[in-house]
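Have the viewer ready and follow the points in turn.

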Amino acid sequence: MIKDITIGQYLPGNSFVHKLDPRVKIWLSFIYIIILFIVNKYSGYIFIAAFTLITILVSKIPIKYLFKGLKPILWIIIFTAVLNAILTPGITIYKIGPVNITDKGVYLAVFMVLRLIFLIVGTSILTLTTSPIALTDGIERLLNPFKRIGVPAHELAMMMTIALRFIPTLLDETDKIMKAQMARGADFETGNIINRAKSLIPILVPLFISSFRRADELALAMEARCYRGGKGRSRLKQLKIEGRDYVAITFTILLMIISIVSRRWSI
Amino acid sequence: MSIKIENLVYKYMIGTPFEKTAIDDVSLEIKDGEFIGLIGHTGSGKSTLIQQLNGLLKPTSGKIYIDGEDITSKDINLKKIRQKVGLVFQYPEYQLFEETIFKDVAFGPQNLGLSDDEILKRVRRALEIVGIDFEKYKDKSPFDLSGGQRRRIAIAGILAMEPKILILDEPTAGLDPKGRDEILEEIRKLHKEYNNTVILVSHSMEDVAKLVDRLIVMYKGKNILTGTPREVFMEIETLEKIGLAVPQVTYLVRELRKRGINIREDIITVKEAQDEILRLLRRDKND
C-alpha cells in the first residue's frame, strides 16, 4: 500500500531529457511553471500541451506512468474546479438549488485544472528523469551564488540527498515494523478514528528510534571518512552545459515568447 | 499443531518489470511438536515462506493448512491464526515501543482480549522462559537493557501469546557467542517443556545441527533438501554448491577419513566427534 507512492521517483534512462544538465532542467522547469501562469487564453495551452507531450515522448517515460502520479491529487483538482465554478461571480448559466454555476466560474475552473495538471506533469518529468543525486547537485550549484549572503548551499543539498536516500529505507522499515506488530495481534484497519490513531503508536515509536539510530550511525560514518562540510570539497562529476542543453533552452524560450504573445489573442 | 503446504508460489511486484518469484512451488509437511530448522542463503525465500504461515503475506497460488484449516481462504480469521502461529521477526528488539517491559510483553495478549489476571500470568511465564527476572525488570524501560536482553523481551512478547507454532527468524543474528548459546538453549528448553511446533530459521549450520529434528533447505525459492540433520549434512556437495557449509566437525571427519582413519562418517556435533575420536584412540591403545 505504501509502495504506490510515485512522487519524487526516478526512472533510470538514457534519453535526451535524462542527459540534460540538472541545473538547466531545474531552471527550465521553473520557467515552465511561470509560463503556465503567464498564459491566460486557451489557445496558449495548445502550445504548452504540444511542448509537454514532445518532452514526454523524447524522455521515453510511459505516459500511463505519469498519469498514475496524478491520481493522488485527483481530489485536489476536482475540489479546486468545483470551488472556482461556484464561487466566482458572473452570469449564472446553471443552477442546482442554492448553488450558482457562472460562466466566468467555469472559465476559471478549466484554467485551474489545466494549470494544476500541467504543473504536476511538468515537475514529475523533472524528478522522473533526474536522479536524486544529480538533482541535489544541481540545486547546490544553483544556490552557490547565495552563499555570500549566508545560505548554506552545500549543507542544504546534502540534507536533501540524505533525506531522499532514506525514503525507501524508511518505507521498508515501516513495512517490517507493521508486520511485526500485526504478528502480535495489532490491528490497524478497524475501529474508530481515535483507536486507529492509537494503533499507530506501536509503529511510530520504533520507527523514530531507528531513525535516530540511523542518523547517528550515518553521522559517525561520514565523520570517519573525514566529511567536513562543503568548503574545499571537490567533486567526482563536473557539471557541464553542452549542445543539447542549448537546444532545450531555445525551445523553452520559444514557448515563453509564444505564451506572452498568446495573451493578446482573443480566445 | 501441524502445518501442510501445497504447491505454494509467491511472486513479488506482479505485473511490473521488477516481478520476482520468491517461492517456487514448495510443498512440505510439518508434524505437530516437530522442531524444524529452515536453512538457506540470503534471498532463498525463507523469510517470505514464514510470513505466509501466519497470513502476513498471501500466496500467489497454492494452499497452506494449519491444523487442517486452510488459512489461504478469504474468510479466515487472521487474528486467530496469528495467535496460533507466533512469528518472531529478525532483530525483533527493534519493534519494542512501550515504556515498561511489562507493558511491551503484554501488548500481544492484550490484543487477544484476555483478562488482566491472565495477561499477568502469561507475561510472568514468558519472561521466565527467556530468563528475565519478572519482579526486577517488569517496570524498567526496555530501552535501558542490553541488545541481547532486549531481544529476549521481544521474544517473550510473542511467547506471551502462547502460540502452538513458534517461528523464529534468525533469532541469534548479531549476538555474541554467549548470547547466541543462551537464546538457543532457551528455545530448546521451551520446545522440550511445552512440546510445541518450532521452526527455527537460520543460515548457521552449527546452530541448528544440535537442536532440530528435521532440516528443510531452501534454495532460490525451492525446497531442495529435507531430512534429519545427519541425512542433510551427508550431502556436502549439494550444500556447498548452493553456498551453505556443513558444521566444521563434519569437514574434520571427512579429512580424517581421507587419511585412512576409520572414523564414523555421520558425525555432526563436536560432542559426537569427541566421543568417537576418544573411542578410536582407546581401541588403538588396547590393540
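What pattern does chain A follow, read along the sequence? The order is α-α-α-α-α-β-β-α-α-α-α-α-α, where helices (H or I, at least four residues) and strands (E, at least two) are DSSP runs, numbered from the N terminus.

Some housekeeping before the points. This is a predicted model, so local features need pLDDT of at least 70 and side-chain atom pairs count only at pLDDT 80 or more, while totals for chains, interfaces and linings use all residues. Residues are numbered from 1 along each chain as its sequence is written, and chains are lettered from A and ligands numbered from 1 in the order in which they are written.

1. **Chain A overall.** Chain A has eleven helices and two strands. Its radius of gyration is 23 Å, well over the 18 Å that the globule rule gives for 267 residues, so chain A is more spread out than a compact globule. (That radius is taken over C-alpha atoms, and the rule is 2.2 Å times the number of residues to the power 0.38.) The C-alpha trace of chain A spans about 65 × 55 × 40 Å along its principal axes.

2. **Burial and contacts in chain A.** Of the 267 residues in chain A, 21% count as buried. A residue is buried if 20 or more other C-beta atoms lie within 10 Å of its own, exposed if 12 or fewer, and partly exposed in between, with C-beta atoms placed from the backbone. Take the contacts in chain A between residues at least 6 apart in sequence: 74% of them join residues at least 24 apart. Contact here asks for C-beta atoms, placed from the backbone, within 7 Å.

3. **Where the chains meet.** On the chain B side, 20 residues are in contact with 15 residues of chain A.

4. **The six-stranded sheet.** Chain B has an open, mixed sheet in the order β6-β7-β8-β3-β9-β10; two strands pair if DSSP finds at least two bridges between them. β6 and β10 of chain B are at the edges with a single partner strand each, so one side of each has no neighbour in the sheet. From one strand to the next, the twist averages 15°, using lines fitted to C-alpha atoms as axes (for helices over the stretch in contact) and angles from 0 to 180 degrees between N-to-C directions.

5. **Follow β7(B).** In β7 (165-169) of chain B, five of five residues are buried. B:I165, B:I167 and B:D169 lie on one side, with B:L166 and B:L168 on the other. In a regular strand the side chains alternate between the two faces of the sheet. β6 (85-88) of chain B pairs with β7(B) in the parallel sense over four bridges, and B:G86 has B:L166 as its bridge partner.

6. **On to β8(B).** β7(B) also pairs with β8 (197-202) of chain B, parallel, over five bridges. Here B:I167 is partnered by B:I199 and B:D169 by B:V201. Six of the six residues of β8(B) are buried. Five bridges join β3 (35-40) of chain B to β8(B), again parallel, with B:I36 opposite B:I199.

7. **The four-stranded sheet.** This one in chain B is open and antiparallel, in the order β2-β1-β4-β5. β2 (20-30) and β5 (69-70) of chain B are at the edges, each with a single partner strand, so one side of each lacks a neighbour in the sheet. β1 (3-12) of chain B is joined to β2(B) by seven bridges, and B:I5 stands opposite B:L28.

8. **A glycine to check.** Where is B:G221 found? B:G221 is in the loop between β9 (214-219) and β10 (222-227) of chain B. B:G221 is buried, with 23 other C-beta atoms within 10 Å. Beyond neighbours within four places in sequence, its contacts are B:T21, B:A22, B:I23, B:D24 and B:G45. B:K46 is 175 residues from B:G221 in sequence, yet the two are 7.8 Å apart in space, C-alpha to C-alpha.

Definitions and conventions
Two residues are in contact if their C-beta atoms, placed from the backbone, lie within 7 Å.
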